[in-house]
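I opened the model and kept notes as I went. Here is what I looked up, entry by entry.

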Amino acid sequence: MDNDGLTAKPFHKVFGRIDPRREAPFLVSVLLSRLLVTACLFWAIGVLQAMPLAVFLCLLKTSSALAYLVLQRPFSTGKRITRAMWLRVLRHSLLVSMTCVVWALGLSLCGALRTVLLWEHSDIALTAVVGAIASLGSTKGRGALLFVLGTLSLLFFDNDQSTPPVEHPEGPHRSVVSHTLYWMLSFLGVPDHKGGLVLLLVGLGLTVIQRSSGRRLAVELGGGKRLQALSTLVVAVILLPWALVQLSTQSLSVSWSSALVCLLATSIAQVIDYYTISIATQHLDTPAVSRLSSMASFIFSLIIAYLLWSHTSSDDHGITVGVVIATVLYILATPILAGSMPRSSTSTLIGYSASGLPLYQVKNSPSLLDLIRPGLYKIMDSPDSRRILYFLLLNLAFTFVELLYGMWTNSLGLISDGFHMLFDSTALLVGLYASLMSRWKPTHLFSYGYGRVEILSGFVNGLFLVGIACFVLSEALNRLMEPPNINTDKLLVVSIAGFIVNLIGIATFSFNGSHTHSHGGHTHSHNANMRGVFLHILADLMGSIGVIVSTLLVQSFGWYIADPVCSLFIAILILISVGPLLKQSAEVLLLATPTHSALHTALDKLSLLDGVLTFSDAHFWQHSSDTIAGTLHVQVAPSANEQKVITMVTNYLREQGVSNLTVQVEKEQYSHCNITQSYVRQLGQSTPPQVYVDYGPHTGEIKAI
Amino acid sequence: MSTHSHSHGSTATLLPQHTQDVSVSFDNYSGSEVKPSISLSGTVKKWARAILSEPATRNLFFFLLINLSFAFVELLYGMWTNSLGLISDSFHMFFDCTALLAGLVATVVANWAPNERFSFGYVRAEVIAGFVNALFLLFIGFFIFAEAIERAFEPPEVSHDRLMVISVGGFIVNLVGIFVFQHGGGGGHGHSHGDGHGHSHGSGRTQIMQGIFLHILADTLGSVGVIISSLLIQSFGWMMADPICSMFIAALIIVSVYPLLTESTGVLMQRTPSSLEHVLQEAVRKVYEQEGVVQVHSPHFWTLCSGEYMGSLRLEIVSNTDSAKLVANSRGIFKGAGLTDVVIETTAID
């Protein structure tokens, strides 16, 4: 059995262990009943919109209560029910009827697909979500995260109403309750299906409470099925008066016969589903069945909704990207959430005990927080990366708020600006990663360490800025020819907020620059990475200023030309400010001798050191922002002590900032056979340099010159 | 040109007593080698000579001319017929030409001789050009991908106005480019080996050439994609062909650019040359096994530009061994392993 778990395929992980011959019939029947129920739901929604809500619910409950009475016979079998018990059943039924009403309202407001997506979560999954949110960082945390993300995407990314609601959107919804609800929703300025989703979420909480409170009652009554039968009956009775009132005040817009057929079919499907699932639960383990049933519902409802939508495109609760994303997220979340704990933790086979039993090491897969934590500490270690992180978080928060607000108010300008901000954040992310990576220890392959990644990142950031500036420039030139009518809707608010955010960024980063490198007037810090990030923020800041200025000019004077002129100006400013960064980082990448240290003059004095005759092959390059590497050949007098010369030269150059130096000492007898050729620049000559043969500086002939 | 060697830099032959005044003259000279302040025609002549002297750069130059003239003809024809599609495509072609131009400039710059400031010369320009080109292509790939996804959701009305003619024309031009560069690259390769020790300049500019080749390949793929998708749309009305083709091409571009990007990043970050990893390990072991060597410290191996590998390391040796001989032997071992130059420092211990 244990070995079985080790070799389990993904399918088995999702659905639990399956012995095909024994368990397949149950699983197939669960799938079939789910399909039936989902299909009936899509059918019933038409009836619900044509019929008062209470009538719909009452009829539904009555017919299922009749079915339960026939099948379960709750009065004739089992022990007698006391008065106190009846009271508790009544209380339970009240809760059930409340959830039913909420469910029906949600169904009428946001359609069958979204109802299924929100409603068909097993209570195992829901309690797991609540538990995971309460204690952050368990294995189920990831599932909970997926669940929350799915719900959010359903709430915010799902703008299926491209057309504004009509004068009386509640046309088909007839009951007083939905009318007041509509009035409230429109008062709050929320699209109706979003209100329905919120309602369904509330109802979801109610169901969890109802099911967990009903569990004890079910035991006392002698079985959940009996409770289900009784409570359905009581719910039907409770809803009856309201239904009668509604029936007397309102008329139906659908024929009774078709409505009754539909309701009958739906209730029978629900009863069949209830029995199938409870029988399957008896034979299989509960989590497996609940996982299967939830996922089956999601998939079936998505398929049915797609089929309906593609056939009748007039349906206003269509499929949007948000719904698809939510479905995928829910499907991913379900196996994690409704999985039984010990099995979902990965256990690895260590070996076999003396008695031949397999030994496992059970280790819970690390939670997200555990994965992030070490990186976070490293980021916090250095002020550079800490600054970038803070600003990144600020930027992301701003972006998120902007995106959410844009989606809420359905403003395309805000959404596109939000995505632009998100793109900007990638530059910060690259900078952060580079700043982190530059502190990695040298390895066998990267023998000088990873410090150069900062220069590379600065270079790439500079290149990107040049690209952006060129793009803005061409766009501005385009607009200069034909100024478009820009939409200033909410533009000012966004750009002022962006301006403030970037100003904070500039403040934090320029503090860094002045702090570490205030000497001698040149304010540039040698850290190309930080400079790249700084310039990026600067460019954004200038962009915000440009938008503010041009918006004001357009709004107050109607100068539409102000927009392209501002863009042009900003693009040129960006190009000018990026120039030095690009030049310097390119020079470093070209392995230029660093200019900021006095290496040149220091080298000239090298031959004054004791024992040093000449030097050659002096190569020094800036390896990273704080290390200079170099190689040097030194020719020494035959009498000189090599070790002393090496130590002297190394110490002397270390004072000049060369931290990684390799000195090769050469004495005459081995060097003169090493004939090499070299250029020597002829003074004042610009044509290709004259070539002459150098027999080594230490040979007699050269010395004689 | 190929007689120049890096192993002896600019300050190689200075005698102690001459050091001072030579360095002054260098200061007067400051700046790069090929930056004459004479006349424009002189500059042009110099550049032209630099470009035309190498087969690889000559090919590049001629291909650039072909491309430019195609773009120019397209622009003129587009203005004549007032077709916006043609005009915008010609601007795209001009933009493409900048990549070629950058490659050309980088090739010439890489041939500049070393000076005081750039002791290795400008050979790394080649690697940087390859890196930048790869980065650009990657960006373009992602851009096309994003565009394709957007189009997959709502296919726009593609106007077929002369699309076919343009893309077939572009395809032919790029095909010429591919053939030229494959030939040029191969020739350059053979040349660099024929030279033996003296690493020849210009011939081994594989990174630039690789970048440009990939660029042309991407353009060719783009033309093929447009041809296929417009054929599919015209004959079957299958509007999804456009985004699917674009996605496919974007994926191809990204995949083909990836090796160049990682390689040039590795070179720029002074990574141990991946082609010599094992050989160098073996060489270090050989050096270590020499009589008198106690320890090998901080071995650094890196690529200067394609085909040129540098190294430096420190040997801890027993104090009474002949260090010069040991160094000479070790240098021999590393040169045998493929390094162009290696600097060895010795530390004697008791």
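**Helix α8 of chain B**

Helices here are DSSP runs of H or I with at least four residues, strands are E runs of at least two, and both are numbered from the N terminus. This is a predicted model, so I noted the limits: local features need pLDDT of at least 70, side-chain atom pairs count only at pLDDT 80 or more, and totals for chains, interfaces and linings use all residues. Residues are numbered from 1 along each chain as its sequence is written, chains are lettered from A and ligands numbered from 1 in the order written, and side-chain values use heavy atoms, without hydrogens and water.

I then went back along the helix. α8(B) covers residues 241-268, which is 28 residues. I got 40 Å from its first C-alpha to its last, close to the 40 Å expected at 1.5 Å a residue. The expected span is 1.5 Å times one less than the number of residues.

Where does α8(B) bend? I found the bend at B:Val257, about 35°. The angle is taken between axes fitted to the seven residues ending there and the seven starting there. A proline, B:Pro259, follows within four residues.

**B:Leu135**

Next I looked up B:Leu135, in helix α5 (residues 124-153) of chain B. Is B:Leu135 buried or exposed? I noted it as buried, because its relative accessibility is 16%. The cut-offs are under 20% relative accessible area for buried, over 50% for exposed and partly exposed in between, with a 1.4 Å probe and protein chains only.

I listed its contacts, meaning heavy atoms within 4.5 Å. Leaving out residues up to four places away in sequence, B:Leu135 touches A:Val460, A:Leu463 and B:Leu261. I also checked B:Leu260, 125 residues from B:Leu135 along the chain. Their C-alpha atoms are separated by 9.4 Å.

**Chain B overall**

I counted 10 helices and three strands in chain B. Along the sequence the pattern reads α-α-α-α-α-α-α-α-α-β-β-α-β. Of its 350 residues, 49% are buried. Of the contacts with a separation of 6 or more, 74% join residues 24 or more positions apart. The accessible surface is about 16,400 Å², and 67% of that belongs to carbon and sulfur atoms. Areas come from the Shrake-Rupley method with a 1.4 Å probe; for residues, only the protein chains shown count as cover.

**Chain A overall**

I found 25 helices and seven strands in chain A. Of its 705 residues, 48% are buried. Chain A exposes about 34,300 Å², with 68% of it from carbon and sulfur atoms.

**A hairpin in chain A**

Why do I call strand β3 (residues 612-624) of chain A largely enclosed by the rest of the structure? Because 12 of its 13 residues are buried. I paired β3(A) with strand β4 (residues 627-636) of chain A: they run antiparallel, joined by nine bridges. Pairing needs at least two DSSP bridges. A:Val612 stands opposite A:Val636 in β4(A). The two strands form a hairpin with two residues between them.

**Confidence in chain A**

I ended on pLDDT, the predictor's confidence in each residue, from 0 to 100. Chain A averages 74, and 74% of its residues score at least 70. Helix α21 (residues 562-589) is highest at 89, while helix α25 (residues 700-704) is lowest at a mean of 35. Over residues 670-705 of chain A the score stays under 50.
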